[in-house]
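Here's a quick briefing for anyone opening this structure for the first time. Have a look at the chain, then follow the notes below.

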Amino acid sequence: MTSARELSARLCGEPSAEPVWADETGTVDRAALHQEVDRCADLLVRHGVRPGDCVAVQLVPDATLFALVLAIWRLDARAMLLDHRLTGAEAEALTRLCRPAFRVRAAAGEGNFTGRSEPVVEPLADASALPEHVCLVQFTSGSTGQAKVVGRSAASLDAELDRYAAIDHMPGRGDRLLLLCSPVHTWGLVGGILHGLAAGLPVLIPSARHGAAIARAAVALDPTAVFGVATHFDLLGRTAELPRLPRLRVATSAGMPTAPAVAERFRLATGCRLGQVYGMTEVGVITADLAGLIPAPSVGPPAPGIGVRVADGELCVRMDGTPYLVEDGVPRFTDGWLRTFDRAAIDVATGAVTILGRADSVVAIGGIKVDLMEIEQTLKEHPDVTAAVVTFGTVIEAHVAIRNGLTDRALAAWSRERMNPLKAPKRYYLQDRLIETPTGKVVRDRVQLLSAFRERTAAVDATRGDQ
């Protein structure tokens, strides 16, 4: 079985002038990567990190962050990744679920991906005992409620890297991958940073994530492939005078289904079809159609080595054991199958999977089953709706991101023309944008959505009161 030390060695490779990471300001090659891993390993050892210790890392993504992860694994320790955008209270809440032995933060950095940070290592008390096989601790997005604690082994990451390499149209040596999504979460971390190291292709990181900056980075860095989430491709598709990027051959989105209008707008802007992958923090990549060859809403066939089935209408994934380090009382893993909580269908002829919505999105109203996801899709067809989440309390509620001054009364009238009275939302909560997780997923938890709406409304009222 692959150890963390062996995984680190595979990813580091031999020192050379081969580029591994680049941004608009510079490039990191394998020789520089080795020097940074050495520096980070020395720092960790000086502060007492030993094999088996769990080290929580919360740094702005840069070369030091990923050299630090490789150094932790070189020491046969465990890395816990915390998104740098989490507040102190949010990070503390997560680490209470699974307590690390050390925490690493940055005292200073250069402000670009190819620069170096100066990490500060702090020992912590009362560390949680982790299974021996775990080398990476991650937290799920929490878009539907409390984040879950996931432990990945070096063997599972090693197998996933082989899986990515076997997926049709996956970027490899000779490509240049522009990574728009967060590199500390599963899609960006394994499919981007780690796959790039294993496959020998440079991963390109833009200096900013808004549409114009992404477009400028795309021109400067000349990618042949782009990985992101739906929000990034929506931004690119809306960017005025977006260059066609003649070398671009693959563009793939993950995290949540991409609206057909977003995919078509991106295709018209770039000349490249938008593909889709579907995965989970617990598993990694599950299905993939990187080149967008299968029409939406399909998310492609299972990735090589992945076993799936539909049970009671819900997609389940074959696994050797539970991925969770902390149980939350919900039956998620049974007899070798992990529940995704996504309703799905599998095409018998092609094996392609279509995600039909969340298993908890179907509610009974007046004795009739109503699919909240179907209502969401209808709302998203309005030209001034940019995002929508439909929840159910005592009635159907629509949380909607709008533009161009769309009012709840106008949206309600539009909805009644397209839905029967049983399905049309009874309450509308309209905002400029809906709250998102650090990975770019729209939050779906009703309590969080209502709290965010009330906070925003209170802030607006307070501003008006000062005028």
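Let's start with a charged pair: Glu160 and Arg152 meet through their side chains in a salt bridge, at 2.8 Å from N to O. Keep in mind that this is a predicted model. Both partners, Glu160 and Arg152, are buried.

**Salt bridges overall**

- Side chains of opposite charge can pair when their charged atoms come close.
- How many salt bridges does the count come to? It comes to 28 salt bridges.
- Some charged residues join up in a network: Glu36, Arg39, Arg116 and Glu118 are linked by salt bridges.

**Asp222 and Arg247**

- Another salt bridge brings together the side chains of Asp222 and Arg247, with 3.1 Å from N to O.

**Arg444 and Glu376**

- The side chains of Arg444 and Glu376 form a salt bridge as well, at 2.4 Å from N to O.
- Here again the pair links distant parts of the chain, and the two residues are 68 residues apart.
- You'll find Arg444 in the loop between strand 24 (427–431) and helix 12 (446–466), and Glu376 in helix 10 (residues 372–380).
- Arg444 is partly exposed, because its relative accessible area is 25%.
- Glu376 has 1% relative accessibility, so Glu376 counts as buried, the cut-off being under 20%.

**Strand 1 and its partners**

- Strand 1 (residues 19–22) and strand 2 (residues 27–29) run antiparallel, and three bridges join them.
- Between strand 1 and strand 2 there is a hairpin, which connects them through four residues.
- Which residue in strand 2 is the bridge partner of Trp21? That would be Val28.
- Strand 1 also pairs with strand 10 (residues 203–204): these two run parallel, and two bridges join them.

Notes. Residues numbered from 1 in each chain as written. Predicted model: local features only at pLDDT ≥ 70, side-chain atom pairs only at ≥ 80, totals over all residues. Heavy atoms only, no water. Pairing = 2+ DSSP bridges. Salt bridge = Lys/Arg side-chain N within 4 Å of Asp/Glu carboxyl O. Buried < 20%, exposed > 50% of the residue type's maximum accessible area, 1.4 Å probe, protein only.
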